[in-house]
Amino acid sequence: ERARRARGAAGGADGRLAVGEARAQSEWLFGARTDAGPRGAARTWQGATALASYSLALGADVAIEPALMAEWLDADREEKVGARFVWTGAIDIDFGESVRLLLELERTEVEARTPRLDDAAIEDIDATAAIGQLQLRL
């Protein structure tokens with residue numbers, strides 16, 4: 001079945017700051033939802049993110065970059081349900097120019113009675129994920 005889409009609009013603002021090897025950025029977005037089928041009665045949304053990281057060289061060929069990120073999404077501004085919070089901690093470990101190891105731990109928390117984003121008939125649940133990636137430049 002083809003997904004139905006509604007007309008929508010979005011706006012937002014963001015900011016970035018870098019001092020030496022430290023970086024921070026934030027973003028705020030808002031808009032009208034376009035997913036006409038699975039959204040239920042939800043019409044508008046808003047969200048915000050904040051990210052901080054620091055790069056540190058551990059020698060000639062090894063560098064690490066730990067990062068923390070917080071995300072908030074209210075997928076249904078008209079109701080008192082719909083908010084999701086995602087807390088992420090990650091570290092990149094670069095071994096020279098060709099190998100990177102990414103380790104990430106992510107916690108998602110949803111308000112009680114919050115519907116899933118892809119199916120408003122099903123309630124969403126809290127979740128924790130551990131992610132590891134090995135990236136190779138060929």
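Reader: What is the radius of gyration of the protein chain, next to a compact globule of 138 residues?
Author: The protein chain has 19 Å, whereas a compact globule of 138 residues would come out near 14 Å. Bear in mind that this is a predicted model.

Reader: What does the C-alpha trace span along its principal axes?
Author: About 55 × 30 × 30 Å.

Reader: And how many helices and strands are there?
Author: The protein chain has zero helices and eight strands. In sequence order the pattern reads β-β-β-β-β-β-β-β.

Reader: What share of the residues is buried?
Author: Of the 138 residues in the protein chain, 22% are buried.

Reader: How much accessible surface is there, and what part belongs to carbon and sulfur?
Author: The total is about 9,400 Å², and carbon and sulfur atoms hold 57% of that.

Reader: Contacts next. Among those with a separation of 6 or more, what fraction joins residues 24 or more positions apart?
Author: That fraction is 45% for the protein chain.

Reader: Charges. How many positive and negative side chains?
Author: There are 17 positive and 24 negative side chains. The centres of the two sets are 8 Å apart.

Reader: Switching to aromatics. How many aromatic pairs does the count give?
Author: The count comes to two aromatic pairs. One of them is Phe85 with Trp87, which is stacked because the ring planes stand at 5 degrees, and under 30 degrees counts as stacked. The ring centres of Phe85 and Trp87 are 6.3 Å apart.

Reader: Why give both a distance and an angle?
Author: Because a pair of aromatic rings is described by the distance of the centres and the angle of the planes.

Reader: Now Pro66. Which strand is Pro66 in?
Author: Pro66 lies in strand β5, which runs over residues 62-74.

Reader: What is the relative accessible area of Pro66?
Author: It is 35%, so Pro66 is partly exposed.

Reader: Which residues does Pro66 touch, leaving aside neighbours within four places in sequence?
Author: Pro66 is in contact with Ala52, Ser53 and Tyr54, and also with Ala90 and Ile91.

Reader: And where is Leu117 relative to Pro66?
Author: Pro66 and Leu117 are 51 residues apart along the chain, and their C-alpha atoms are separated by 29 Å.

Terms used
Residues numbered from 1 in each chain as written. Predicted model: local features only at pLDDT ≥ 70, side-chain atom pairs only at ≥ 80, totals over all residues. Heavy atoms only, no water. Helix = DSSP H or I, 4+ residues; strand = E, 2+ residues; numbered from the N terminus. Buried < 20%, exposed > 50% of the residue type's maximum accessible area, 1.4 Å probe, protein only. Contact = heavy atoms within 4.5 Å. Phe/Tyr/Trp six-rings, centres within 6.5 Å; stacked < 30°, edge-to-face > 60°. Rg over C-alpha atoms; globule rule 2.2 N^0.38 Å. Areas by Shrake-Rupley, 256 points an atom, 1.4 Å probe, with all protein chains shown as cover. Lys, Arg positive; Asp, Glu negative; His and termini not counted. Charge placed at Lys NZ, Arg CZ, Asp CG, Glu CD.
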